[in-house]
Amino acid sequence: MSGEDAPAQQQNAEEQKQPQQETKTPAESPKTESKPDPPPTSASTEAAAAAADADTPAPAAEKAPEEDTFSYRALVLTGYGGYDKVKLQVKKGKPALKSGEVMVRVKMCGLNFADLMARQGLYDRLPSPPVSPGMECSGIIEAVGEDVTDRKVGDKVLVLNRSGLWQEVVVVATTHTFLMPEGMSFEEAAALPVNYITAYMMLFDFGHLRPNQSILVHMAAGGVGIAATQLCKTVNDVTVFGTASASKHEVISQGGVTHPIDYRTRDYVEEIRKISPKGLDIVLDPLGGSDTHKGYNLLKPMGKLISYGAANMLAGQKKNLFAVAKTWYQQFSVHTLSLIQGNRSVCGFHLGYLDSESELIAQAMAVIMDLYKQGKIKPRIDSTYHLEQVGDAMRRMQERHNIGKIILTTEPMKEEEKKEEAKKDEEKKKDDKKKDDKKKEDKKKDEAKKEEKKEEKKKEETKKDDKKPEEKKEEAKKEEN
């Protein structure tokens, strides 16, 4: 969600589609035939031969074998749509390093809600397909470019970039890397940048969170939700309202949510009003739509609503973030007077648009790293998937089954795991086919029932029509009598 693109990471569409080449071994040199010794040459002949050799250009330096054989796997968004649009491909050729850049061998990658939106074409900060998504990762520096003095080969780092990090090898500017503290795992490092920087800047740069304040955290069991809750605990006596499904309440309560609310069975506005009639000091809104208006109306005087996402769009109409922001602004502009009289503020935050603000990001990250070292924050890992399982990972997040961060590991799946995965896929296809067949069968039955009802209705109408002449005769007889 942040950082400049690293063009060296991205291969063109043709390169992405090519399979990995086999390393060919040179054929055995043919045996030379034995020939009679040549006649002795004179001094003048030798001199002429030497001159000829001097004029002959030296053969060009051969390309380093490593550049020909270097390859790495990468997840590539091939087009907009479903989970199958993100494919695992092999890229060939060692990425070139520019001045101020480092090459990182990636160990773990973070999955974010923005990646789901990008897959559906709803995230404008990702370049057009084909492109490798991924905004955060962790790994080990394998090479450094010129003028790099603050990083060295072997350093363990976490990386923040606008895109292109779902790969085994990435090249980024050193300003997009941060040294991992002692004791931090690669999973934790990949889980930290996007969620914690987002939560920190919203709470402290925009929200100015202070003791004895109250805050609403939507999607409190997600990556940003857990990060925000942990950061709230670093300030005394902050009351945290958190929305999540009932099955996640125990976890988020242990993590610091004061009042968990099941948004599926309860009206969170009513629940908050019961406990805090005056309202809230801060609302973190990743949802958009009607929930933004509800959040705004929950604010106390001098309260702040911070909008940082549009999760409702995944289940509803598709618009890009600019269109959403424009509509949202127009709606609030109509009520400018009430906004002023209410003494409430509305902010928007998007980490992806802080590309040029490396100092701001570095300052926030420095504080976050210190809090981690002090044991005050710690990313919660929900699950880890192989790159081959990215579809399952994205589905888990989109269906909101995760509690904490979903991680992708670059470690290849073992053959046994691949076989198991293939079996699961086959079983899933069979189940899906059964469901589709059942839907078709049910549809046929419904249509058959409708046809039967139509036929019955026609028969009833026909009977009525047949009875009408008889009824007329009866009426005529009655009139005669």
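1. How many bridges join strand 8 to strand 11, and do the two run parallel or antiparallel? Three bridges join strand 8 (residues 214-217) to strand 11, and the two run parallel. Within this pairing, Ile215 has Ile282 of strand 11 as its bridge partner. Two strands count as paired if DSSP finds at least two bridges between them. Strands of a sheet pair through backbone hydrogen bonds, either parallel or antiparallel.

2. A word on the source. This is a predicted model: local features need pLDDT of at least 70, side-chain atom pairs count only at pLDDT 80 or more, and totals for chains, interfaces and linings use all residues. Residues are numbered from 1 along each chain as its sequence is written, and side-chain values use heavy atoms, with hydrogens and water left out.

3. Now the whole chain. Its secondary structure comes to 16 helices and 15 strands. Helices (H or I, at least four residues) and strands (E, at least two) are DSSP runs, numbered from the N terminus. Of the 481 residues in the chain, 43% are buried. Buried means under 20% relative accessible area, exposed means over 50%, and partly exposed lies in between (1.4 Å probe, protein chains only). Take the contacts in the chain between residues at least 6 apart in sequence: 72% of them join residues at least 24 apart. Contact means heavy atoms within 4.5 Å.

4. Look at strand 11 (residues 280-285). Is this strand mostly covered or mostly exposed? Strand 11 is mostly covered, with six of its six residues buried. Five bridges join strand 11 to strand 12 (residues 299-307), and these strands run parallel. Leu284 stands opposite Ile306 in strand 12. The chain goes from strand 11 through helix 10 (residues 290-297) to strand 12, and this β-α-β crossover is right-handed. That term applies if, with the strands pointing away from the viewer, the path from the first strand over the helix to the second runs clockwise.

5. Four bridges join strand 12 to strand 13, which run parallel. Ser307 stands opposite Gly348 in strand 13.

6. Then the charges. Side chains of opposite charge can pair when their charged atoms come close. A salt bridge is a side-chain nitrogen of Lys or Arg within 4 Å of a carboxyl oxygen of Asp or Glu. The count comes to eleven salt bridges. One of them joins the side chains of Glu388 and Arg73 (2.9 Å, N to O). Glu388 lies in the loop between strand 14 (381-386) and helix 15 (390-398) and Arg73 in strand 1 (residues 71-77), so the pair ties together parts that are 315 residues apart in sequence. Glu388 is partly exposed at 28% relative accessible area, whereas Arg73 is buried at 14%. Arg73, Glu168 and Glu388 are linked in a network of salt bridges.

7. Two other pairs deserve a look. Asp150 forms a salt bridge with Arg151, the closest N and O atoms being 3.9 Å apart. Asp150 is partly exposed at 45%, and Arg151 is buried at 13%. Asp155 and Lys152 meet in a salt bridge through their side chains (2.9 Å, N to O). Here Asp155 is buried at 10%, while Lys152 is exposed at 54%.

8. Last, the cysteines. How many disulfides does the count give? The count is zero. A disulfide is a pair of cysteine sulfur atoms within 2.5 Å. Cys109 is in no disulfide: the nearest cysteine sulfur, that of Cys137, is 5.6 Å away. Cys109 is buried, with a relative accessible area of 0%. Cys232 is buried too, at 2%.
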